[in-house]
Amino acid sequence: MSIDTPILNQDGAGGVDADLIKDTTTKDFMRDVIEASRAVPVLVDFWAPWCGPCRQLTPVLEKAVRAAKGAVRLVKLNIDDHPQIPGQMGVQSIPAVFAFQDGRPVDGFMGALPESRVKDFIARLIGDTSADSAADPEAAEAALAEGDVNTAAQAFGEILQKDADNAQAAAGLAKCYIKTGDLARAEQTLALVAPAKADSAPAASARAALELARKAADTGDVETLRAKLAAEPKDAQARFDLALALNAKGDRNGALEELLILVAKNRTWNDDAARKQLLQLFDAWGPSDPATILGRQRLSSLLFA
């Protein structure tokens, strides 16, 4: 099935399942996604006609959504024809899928996942506890998120021993080195990612985390920046630097708060730098991180208010 092929009704009558799967536009995004997600979760598939992985993923999404029998909907947006919304949301590679619920983005993933992973994603979204448990890379990611760097590094290393081309494991191991401040080894580990997978979501996330770590080294310490901002609350650069310093210390919510204040009060400062920095943070943290989900929700509220 091509990405442009209409979806048949389950009764085979040949109509389009408009209530479950549809294409949208910039004009209709509010109605088809934001408002519709208040009744049922909505998956947004950002795609383009030239994107081969998109053509692999979209039929898988359509099949999984239909199998959910109304528990979730799918809305497709061609980023070539409608670039504004993906640009605002920081969609830098496709296919990219975002899940909206109650008018806000709550989860997402990038890349052409296999059918089993798509089903697991939807099952988690709709609260189906019968979904399969996470695979080893996800368990390692969870350990890293909880701050257990040694366990995560060991798990990623074991995965790489079995599968040297596993980009997720290489990226995860690089993040472990970033956590310990060994940026040189992090860069060396990322260099092991095969060129064909260099633009994959995990590799992009690790590169963003590495760039953030390097930026943070030049910002100064948190307390000095807090004092500077207290003395001059309108100092946008001090607030921006404070966000980077807070992120480097692991205070993701604090970093979000400072950058969101900049977006709300001084959106055009330094060529929209605060919004762009938020998008880099989201890339570094990953689409399923609670801070990313919260940040996208609050940023969306500001952008689509």
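At 11% relative accessibility, Phe240 counts as buried, a class defined by under 20% relative accessible area, with exposed meaning over 50% and partly exposed the range in between (1.4 Å probe, protein chains only). The model is a predicted one, in which local features need pLDDT of at least 70 and side-chain atom pairs count only at pLDDT 80 or more, while totals for chains, interfaces and linings use all residues. Residues are numbered from 1 along each chain as its sequence is written, and side-chain values use heavy atoms, with hydrogens and water left out.

A pair of aromatic rings is described by the distance of the centres and the angle of the planes. Rings of Phe, Tyr and Trp (its six-membered ring) pair if their centres lie within 6.5 Å; planes under 30 degrees apart count as stacked, over 60 as edge-to-face and the rest as tilted. By this rule there are five aromatic pairs. One of them is edge-to-face and joins Phe109 to Phe121, with 4.9 Å centre to centre and 80 degrees between the planes. This pair links distant parts of the chain, since Phe109 belongs to strand β5 and Phe121 to helix α4 (residues 115-125), 12 residues apart. Helices (H or I, at least four residues) and strands (E, at least two) are DSSP runs, numbered from the N terminus. Phe109 is buried because its relative accessibility is 8%, and Phe121 is buried with a relative accessible area of 4%. The rings of Phe240 and Trp269 have centres 5.5 Å apart and planes at 55 degrees, so this pair is tilted. It too links distant parts of the chain: Phe240 lies in helix α11 (residues 236-248) and Trp269 in the loop between α12 and α13, 29 residues apart. Trp269, at 18% relative accessibility, counts as buried.

Asp272 is also found in the loop between α12 (252-265) and α13. This residue counts as buried because its relative accessibility is 13%. Its side chain makes polar contacts (a pair of N or O atoms within 3.5 Å; within protein, one must be able to donate a hydrogen and the other to accept it, and residues adjacent in sequence count only if both atoms are side-chain atoms). The partners include the side chains of Arg267, at 2.8 Å, and Arg275, at 2.6 Å.

Ser300 is placed in helix α14 (residues 290-303) and is buried, with a relative accessible area of 9%. A polar atom of the Ser300 side chain lies 2.7 Å from the backbone oxygen of Arg296.

Arg296 also takes part in the lining of a cavity. On a 1 Å grid over the protein atoms alone, a cavity is a set of points where a 1.4 Å probe fits but cannot get out, and lining residues have an atom within 4 Å of a point.

Note on methods. On a 1 Å grid over the protein atoms alone, a cavity is a set of points where a 1.4 Å probe fits but cannot get out, and a pocket is an open set with protein on both sides within 12 Å along at least five of seven lines; lining residues have an atom within 4 Å of a point.
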